[in-house]
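Q: I would like to learn how to read a model like this one, feature by feature. Could we go through it together?
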Amino acid sequence: MPESSPHASVPSTPSAGAPVVYREKLWPNAWIWIIAAGVSAAGILVFAPISMAAGYTAALVLFAIITVLLVVSTPAITVTGDALNVGRATIERRFVGSVQQFTAGEATAERGTRLNGLAYLCIRGWIDPVVKIEITDPADRTPYWLASTRHPDQLTAALTRR
């Protein structure tokens, strides 16, 4: 007879009964959209020898594609009473240990020289602050999650509140 696992499976989305304590989408900054517009404008240069209408059409299509990719790939951070979701990863709140926040040079060091190769990352280059979330699950080799956030104080408070 197979033994049952002591760890319950974690749903990939927050349970409907658990109230959301904190939610944040890591949307791109304004300068990312400016770069997207500039890259899209290159379509004009490529297709202008054919016709200006083709160039403008190519620019609009490129901008639409880049916009869809940026919106679809924008991760969310959600904290409920039961679970923590960061990007595509989910963990039960009972396995969340200490939480630390870093900004400026400390955040750069956490993303670089101090980074553990087994850590789960959900970082965005256009967001400076990061939060380091210790994982205490003995069955999980991941020592911590490192997540970008625009509101490190609020995220830390939501995770340390039980």
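A: Gladly! Keep in mind that this is a predicted model. Let us begin at the surface, where Trp31, Ile34, Ile35 and Val39 make up a nonpolar patch with about 420 Å² of accessible area together.

Q: What does the UniProt record say about residues 30–48?
A: The unreviewed UniProt entry annotates residues 30–48 as "transmembrane region", and likewise residues 55–77. An annotation of this kind may be inferred rather than shown by experiment, but we can look at what the model has there. Over residues 30–48 the chain is 95% helix and 0% strand, with 28 Å between the end C-alpha atoms. Over residues 55–77 the values are 78% helix and 9% strand, and the end C-alpha atoms lie 39 Å apart.

Q: Stepping back, how many helices and strands does the chain have?
A: There are four helices and eight strands. Their order along the sequence is β-α-α-β-β-β-β-α-β-β-β-α. Of the contacts between residues at least 6 apart in sequence, 67% join residues at least 24 apart.

Q: And how much of the chain is buried?
A: Of its 162 residues, 35% count as buried. The accessible surface comes to about 9500 Å², and carbon and sulfur atoms account for 64% of that.

Q: How do I read the buried side of a helix?
A: Start from the geometry: an α-helix has 3.6 residues a turn, so residues three or four places apart point the same way. Now take helix H3, residues 104–111, where Ala107, Ala109 and Glu110 are buried. These residues cover an arc of only 160 degrees around the axis, which puts them on the same side of H3.

Q: Glutamate 110 carries a charge-bearing side chain, so to speak; which partners does glutamate 110 meet in salt bridges?
A: One partner is arginine 114, at 2.8 Å from N to O. Another is lysine 132, with the closest N and O atoms 3.5 Å apart. Since glutamate 110 lies in helix H3 and lysine 132 in strand S7, this pair ties together parts that are 22 residues apart in sequence. Glutamate 110 is buried at 2% relative accessibility, and lysine 132 is buried too, at 19%.

Q: What else does arginine 114 pair with?
A: The side chain of arginine 114 also meets glutamate 106 in a salt bridge, again 2.8 Å from N to O. Arginine 114 is partly exposed at 38% relative accessibility, and glutamate 106 is partly exposed at 40%. Put together, Glu106, Glu110, Arg114 and Lys132 are linked in a network of salt bridges. The structure holds five salt bridges.

Methods:
Residues numbered from 1 in each chain as written. Predicted model: local features only at pLDDT ≥ 70, side-chain atom pairs only at ≥ 80, totals over all residues. Heavy atoms only, no water. Patch = residues over 30% accessible without salt bridge, like charges linked within 9 Å, V, L, I, M, F, W, Y side chains within 5 Å. Areas by Shrake-Rupley, 256 points an atom, 1.4 Å probe, with all protein chains shown as cover. Salt bridge = Lys/Arg side-chain N within 4 Å of Asp/Glu carboxyl O. Helix = DSSP H or I, 4+ residues; strand = E, 2+ residues; numbered from the N terminus. Buried < 20%, exposed > 50% of the residue type's maximum accessible area, 1.4 Å probe, protein only. Contact = heavy atoms within 4.5 Å. Arc of directions from axis to C-beta.
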